[in-house]
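Hi,

Here is the structure I promised to pass on. Have a look at it first, and then read my notes below.

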Amino acid sequence: MKLVGKVKVEDCFDGSSVYRYFFEAAWGREDIRGLQALGRLEYYPDFPRPFFRLIGPGGAQLRGVEGEDSCQVVLPRQGREEVIARLERHFL
């Protein structure tokens, strides 16, 4: 999966930041399973719209749906720059 863009989508009251990350291709089963390298993966392939959530570095959350080419990333208040760098390195 290669990251091709991101946009800030909202500000949360708790000080975290929310972004929409866009990729060159849609999320596939193997791409989703590859997220395990970043943290605790929750994957629900039997849902009508197969959903996944990653609880990753520093408390960051990455949520998306298999078959879509984007996902939502919620960044924590603390250590945001390190979390962004680690996530984005994974998608080079």
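This is a predicted model: local features need pLDDT of at least 70, side-chain atom pairs count only at pLDDT 80 or more; totals for chains, interfaces and linings use all residues.

F47 has a ring partner. Y44 and F47 make a stacked aromatic pair, with 4.9 Å from centre to centre and 20° between the planes. Y44 has a relative accessibility of 31%, so Y44 counts as partly exposed.

Now for the whole chain. You'll find 2 helices and 6 strands in it, and if you walk along the sequence they come in the order β-β-α-β-β-β-β-α. The radius of gyration is 12 Å, close to the 12 Å that the globule rule gives for 92 residues, so the chain is as compact as a globular protein of that length. Along the principal axes, the C-alpha trace spans about 35 × 25 × 25 Å.

What share of the 92 residues is buried? It comes to 37%. As for the surface, the chain exposes about 5,400 Å², and carbon and sulfur atoms supply 48% of that. On the charge side, there are 14 positive and 14 negative side chains, and the centres of the two sets lie 3 Å apart. If you take the contacts between residues at least 6 apart in sequence, 44% of them join residues at least 24 apart.

Back to the rings. The count comes to 6 aromatic pairs. One of them is W27 with F91, an edge-to-face pair at 6.1 Å centre to centre, with 85° between the planes. That pair links distant parts of the chain: W27 is in the loop between β2 (17-23) and α1 (29-33), while F91 is in the segment after α2 (80-90), 64 residues apart. Are these two residues, W27 and F91, buried or exposed? Both W27 and F91 are buried.

Two more residues are worth a stop on your tour.

The first stop is Y43, which you'll find in strand β3 (residues 40-44). With a relative accessible area of 16%, Y43 is under the 20% cut-off and therefore buried. What does Y43 touch, once its neighbours within four places in sequence are left aside? Its contacts are R29, I32, R33, F51, F52 and E66. Y43 and L54 are 11 residues apart in sequence, and their C-alpha atoms are 8.5 Å apart in space.

The other stop is A26, in the loop between β2 and α1. A26 has a relative accessibility of 35%, so A26 counts as partly exposed. How far is A26 from E68 in space, C-alpha to C-alpha? The distance is 4.7 Å, although A26 and E68 are 42 residues apart in sequence. Not counting residues up to four places away in sequence, A26 touches M1, D31, G67, E68 and D69.

Cheers

Technical notes:
Residues are numbered from 1 along each chain as its sequence is written. Side-chain values use heavy atoms; hydrogens and water are left out. Helices (H or I, at least four residues) and strands (E, at least two) are DSSP runs, numbered from the N terminus. The radius of gyration is taken over C-alpha atoms; the globule rule is 2.2 Å times the number of residues to the power 0.38. Buried means under 20% relative accessible area, exposed over 50%, partly exposed in between (1.4 Å probe, protein chains only). Contact means heavy atoms within 4.5 Å. Accessible areas come from the Shrake-Rupley method with a 1.4 Å probe; for residues, only the protein chains shown count as cover. Lys and Arg count as positive and Asp and Glu as negative; His and the chain ends are not counted. The place of a charge is taken as NZ of Lys, CZ of Arg, CG of Asp or CD of Glu. Rings of Phe, Tyr and Trp (its six-membered ring) pair if their centres lie within 6.5 Å; planes under 30 degrees apart count as stacked, over 60 as edge-to-face and the rest as tilted.
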